[in-house]
Amino acid sequence: MEPRKKLKRNQEKREERCDEDLDRLSCLPDSILTHILSFLDTKSVIRTSVLSKRYKLLWTMSPCLDFKLTELLSDSFDSYDASVFSQGKSSHVVSFMAYVNRIMQFREHSNLVAFRLSLHKDVCLDFAQKCIDYAAHHKVQHLRLRGFFKRKPFALPEMLLNSSSLITLHLHNATCNCIELPISAALPSLKVLCLKNFEFCDRNFSGGLFVGCPNLETLVLIKCCIRPVDKLKALDVNCSNLKNLEIEYWRSPWRCFDEHMINVNAPKLAFFKFQGHLVRVNFKDVLPCLERACIDLCYPTACFMVNANERKQMISESFLSMLHHLCNARLLSLSLKTVEVLCAVPDLHVRAPIVFENLRVLKFTAENKYREKTIRIETVTELLDSIASGVLIFDASKETKVLPQSPKLKTKKESRHISIPAHVLHFLLEGSPAVEFLSIEIPNLSSDQE
């Protein structure tokens with residue numbers, strides 16, 4: 001009997017400690033509790049209302065609202081508190097809209113830190129307008145909108161486009177042109193702007209959007225393009241305080257390669273990332289503040305207008321022109337496909353080197369990273385001095401292998417390696433007097449290796 005009594009006493013003590021911990025958490029001020037709840041999604045925040053009376057209405061003070069309408073009909077938007085919400089038996093979309101409307105109705109009228117509306121199914125424009133109006137009226141700081149509207153494009157409300165509180169704005173077109181690109185804006189506090197799946201044209205772009213964001217520091221363009229056969233030929237990015245620019249998977253067709261371009265005037269730019277098929281990017285001046293440049297080009301393939309070799313040469317020459325503008329970078333990161341593009345440059349080994357005066361780290365990246373290897377540049381230059389042409393093989397071992405020049409490098413079992421042609425390394429290092437390290441990402445076994 002005594003062991004049982006001892007176990008019972010220990011269990012009672014544990015329960016008392018748990019009760020004490022719960023009381024301590026419940027005794028925290030509302031500001032701290034709502035800050036903790038802000039790290040949860042909206043559904044989870046509302047579920048806390050059943051924990052105790054202390055939490056019953058605490059969700060109404062949450063500074064973050066996150067609503068996502070997915071394609072999965074299994075998602076439910078039933079009530080978590082029967083005293084506040086009533087269960088609907090309507091369709092999935094109607095239930096979602098009713099759910100969002102009720103939350104906005106019962107939430108207290110405090111300012112919002114973050115608001116996200118992610119739509120994967122078509123909803124009515126009035127509903128979206130009400131949501132964004134609500135966010136703007138409550139002085140939202142970080143707004144994310146994924147639009148899905150089939151009937152008519154959605155226009156952002158004037159209150160949002162003239163907000164003094166907005167810091168971050170993410171706009172994602174789920175379908176073509178379902179969100180109208182604002183021609184102009186007055187967003188003095190905006191620091192981050194991300195546009196995905198937008199088509200720039202003479203009707204919706206004149207540069208006013210960027211000019212109206214004087215403190216913009218980060219601009220991300222994902223799967224955007226300039227409309228073919230349009231008066232607009234150049235996307236002018238004039239941002240005096242821009243520090244980060246990312247261009248990912250630009251979608252202009254190959255026939256527009258010679259006429260479409262992105263002109264960048266950003267004297268404070270510190271980070272530049274380009275990923276996907278190359279588009280002509282012209283920087284107004286050499287970038288004096290550039291710290292990092294990361295390039296991951298898609299390897300050109302044949303199309304009905306031009307064969308693959310011609311396309312590679314055109315891309316490689318344009319890429320060399322871009323590299324000249326990135327010469328102040330302290331870290332230059334190139335993917336393996338970008339190295340292939342460099343290899344397509346005719347007579348690269350006799351070209352005048354690009355002077356990377358401030359370069360400290362040269363990095364080669366792999367798609368499926370296994371581990372990263374850092375080598376002092378003295379070791380690399382010793383190997384390069386010993387060969388005129390060939391391929392340097394970098395793998396997970398401590399040694400760096402040198403093989404004769406060959407079109408294909410075949411390995412049966414060992415795939416955790418990357419191969420860099422010696423003449424490419426010669427070209428990049430010859431004009432880099434201050435470079436200290438070569439960083440190599442070793443790919444995993446599943447990566448395709450030559």
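**Reading a predicted model, feature by feature**

Me: As what does Lys 139 count at 48% relative accessibility?

Reply: Lys 139 counts as partly exposed, because its relative accessibility is 48%. Buried means under 20% relative accessible area, exposed means over 50%, and partly exposed lies in between (1.4 Å probe, protein chains only). The model is predicted, so local features need pLDDT of at least 70 and side-chain atom pairs count only at pLDDT 80 or more, while totals for chains, interfaces and linings use all residues. Residues are numbered from 1 along each chain as its sequence is written, and side-chain values use heavy atoms, with hydrogens and water left out.

Me: Where is Lys 139 found, and what is its phi?

Reply: Most residues other than glycine have a negative phi. Lys 139 is not a glycine, yet its phi is positive, about 50°. Lys 139 is found in the loop between helix H5 (125-137) and strand E3 (142-147). Helices (H or I, at least four residues) and strands (E, at least two) are DSSP runs, numbered from the N terminus. Asn 197 also has a positive phi, near 65°, and is a residue other than glycine. Its place is in the loop between strand E5 (192-196) and strand E6 (199-200). Asn 197 is partly exposed, because its relative accessible area is 21%.

Me: How do I read the pairing of strand E16, and which strands does E16 pair with?

Reply: Two strands pair if DSSP finds at least two bridges between them. E16 (residues 361-365) pairs in the parallel sense with E15 (residues 331-335) over five bridges. In that pairing Ser 333 stands opposite Lys 363. The chain crosses from E15 through helix H9 (residues 336-343) to E16, a right-handed β-α-β crossover. Right-handed means that, with the strands pointing away from the viewer, the path from the first strand over the helix to the second runs clockwise. E16 also pairs with E21 (residues 437-443), in the parallel sense over four bridges, and there the bridge partner of Phe 364 is Ile 440. Four of the five residues of E16 are buried.

Me: What is Phe 437 in contact with, beyond its neighbours within four places in sequence?

Reply: Contact means heavy atoms within 4.5 Å. Phe 437, in strand E21, touches Arg 360, Val 361, Leu 362, Thr 374, Ile 375, Arg 376 and Ile 377 in this sense. Phe 437 and Ile 377 are 60 residues apart in sequence and 4.9 Å apart in space, C-alpha to C-alpha. At 25% relative accessibility, Phe 437 counts as partly exposed.

Me: At what angle do the axes of H8 and H9 cross?

Reply: Two packed helices are described by the angle between their axes and the distance between the axes. Axes are lines fitted to C-alpha atoms, for helices over the stretch in contact, and angles run from 0 to 180 degrees between N-to-C directions. The axes of H8 (residues 308-325) and H9 come within 8 Å and cross at roughly 110°. That makes H8 roughly perpendicular to H9, a label for angles of 65 to 115 degrees; under 35 is roughly parallel, over 145 roughly antiparallel and the rest oblique. Ile 315, Ser 316, Phe 319, Leu 320 and Leu 323 in H8 meet Thr 338, Val 341 and Leu 342 in H9.
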